[in-house]
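Student: I've got a model open and want a quick tour. Can we go through it together?
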Amino acid sequence: MMKKILLHILVVACLFFIIDRALGFGLKILYTQSNATDEYKISYSNETTRDSILFFGSSRTLHHYVPHIFEKELGKSCYNVADWGIKNIYYHYGLLGNILKRYTPQAIIFEIHPCDWLATPYSGVERATSLAPYCGMSEACDEMLKLSGNYWAYKLSIVRRFTGSIPNLITGKLGSMNRNLKGWKPMDGMMDTTGVKAEEYPFPVDQERVALLERFITDCKSNHIKLVLAVSPMYVCSKQDVFKFPRELAEQHNILFIDHYRDSTFVGHQEYFYDFGHLNRKGAELFSTKLSQELSSI
């Protein structure tokens with residue numbers, strides 16, 4: 001009887017393995033072919049880009065950094081690997097690890113956000129799970145997935161790695177990307193200024209995130225990657241010195257920090273913003289022109 005039960009368990013396990021691998025292979029094909037923002041950006045960034053300059057960050061990077069403007073000014077190929085969804089240092093560090101398994105970019109422009117060093121809500125270690133399709137690609141990626149608590153589930157089941165993407169994989173259209181823009185996603189329209197207030201960050205420093213930021217910096221240095229920390233403009237700014245920490249971090253590590261948070265060209269100028277925290281197409285093109293000119297003079 002015991003042998004019969006064990007045999008049934010073995011058969012079920014084998015069937016699970018075969019079905020999971022077959023479905024997982026199909027989902028992987030759909031994932032790499034998808035034009036939905038998350039799936040396209042993540043798959044291209046992890047598997048394909050070999051550009052000289054990469055732009056890291058969350059939605060503010062995704063919408064603010066225009067690769068073709070930087071390419072024209074700097075004479076280097078560029079790609080915007082940022083993604084929306086309050087991506088933070090857990091995601092960025094895993095992504096960096098995966099990219100470095102394939103090649104070494106010359107420079108990284110990292111738009112730093114308070115969620116990269118503060119214990120902000122709705123943006124914790126769970127952001128690393130966006131890298132689930134690349135479980136096993138690099139030690140850094142696997143470390144972030146282990147911190148999220150999902151690593152072993154992803155190792156066991158390939159299908160599990162894609163469950164969060166299935167709606168997008170079925171439609172293939174949600175947030176579709178113009179691939180000619182090299183990862184930039186422009187926002188068209190102008191913000192409604194009614195009731196707009198400065199975004200505040202009354203959250204404690206998260207030492208785990210700080211440690212990962214430090215490792216991001218040292219990994220870039222050890223791979224001879226020129227790293228620049230940057231901050232793009234906001235429509236309305238906090239009275240606090242929000243970016244004191246990354247400024248001091250940059251000084252400590254002798255890396256460049258370029259701060260446009262309070263840039264008077266943009267602050268309070270409705271015509272450049274899609275909403276209070278994101279530049280529209282016109283604003284992004286102007287900001288990219290300004291920043292690329294600053295970088296070209298360095």
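Student: Is R247 buried or partly exposed, and what is its relative accessible area?
Tutor: This is a predicted model, to start with. R247 is partly exposed, with a relative accessible area of 26%.

Student: Which residue does R247 form a salt bridge with?
Tutor: D241. The closest N and O atoms are 3.1 Å apart. D241 is partly exposed, at 43% relative accessible area.

Student: How many salt bridges does a search of the whole structure find?
Tutor: The search finds 14. One of them pairs K87 with D83, closest N and O atoms 3.1 Å apart. Both K87 and D83 are buried.

Student: What about K290, which residue does it form a salt bridge with?
Tutor: D263, with the closest N and O atoms 2.9 Å apart. K290 sits in helix α11 and D263 in the loop between β5 and β6, so the pair ties together parts 27 residues apart in sequence. D263 is buried at 10%, while K290 is partly exposed at 25%.

Student: Which residues are linked in a network of salt bridges?
Tutor: D51, E71 and K182.

Student: Switching to helices. At what angle do α2 and α5 pack?
Tutor: About 45 degrees, with the axes 8 Å apart. That makes α2 oblique to α5.

Student: Which residues meet there?
Tutor: From α2, I42, S45, N46 and E47. They meet Y91, L95, N98, I99 and R102 in α5.

Student: Last one. Which residues make the nonpolar surface patch?
Tutor: F16, F17, I18 and L156, over about 430 Å². Helix α1 gives the largest share, three residues. F17 is in α1 and is partly exposed, at 46%.

Note on methods: Residues numbered from 1 in each chain as written. Predicted model: local features only at pLDDT ≥ 70, side-chain atom pairs only at ≥ 80, totals over all residues. Heavy atoms only, no water. Patch = residues over 30% accessible without salt bridge, like charges linked within 9 Å, V, L, I, M, F, W, Y side chains within 5 Å. Areas by Shrake-Rupley, 256 points an atom, 1.4 Å probe, with all protein chains shown as cover. Salt bridge = Lys/Arg side-chain N within 4 Å of Asp/Glu carboxyl O. Helix = DSSP H or I, 4+ residues; strand = E, 2+ residues; numbered from the N terminus. Buried < 20%, exposed > 50% of the residue type's maximum accessible area, 1.4 Å probe, protein only. Axes fitted to C-alpha atoms, helices over the stretch in contact; angles between N-to-C directions. Parallel < 35°, antiparallel > 145°, perpendicular 65-115°, else oblique. Contact = heavy atoms within 4.5 Å.
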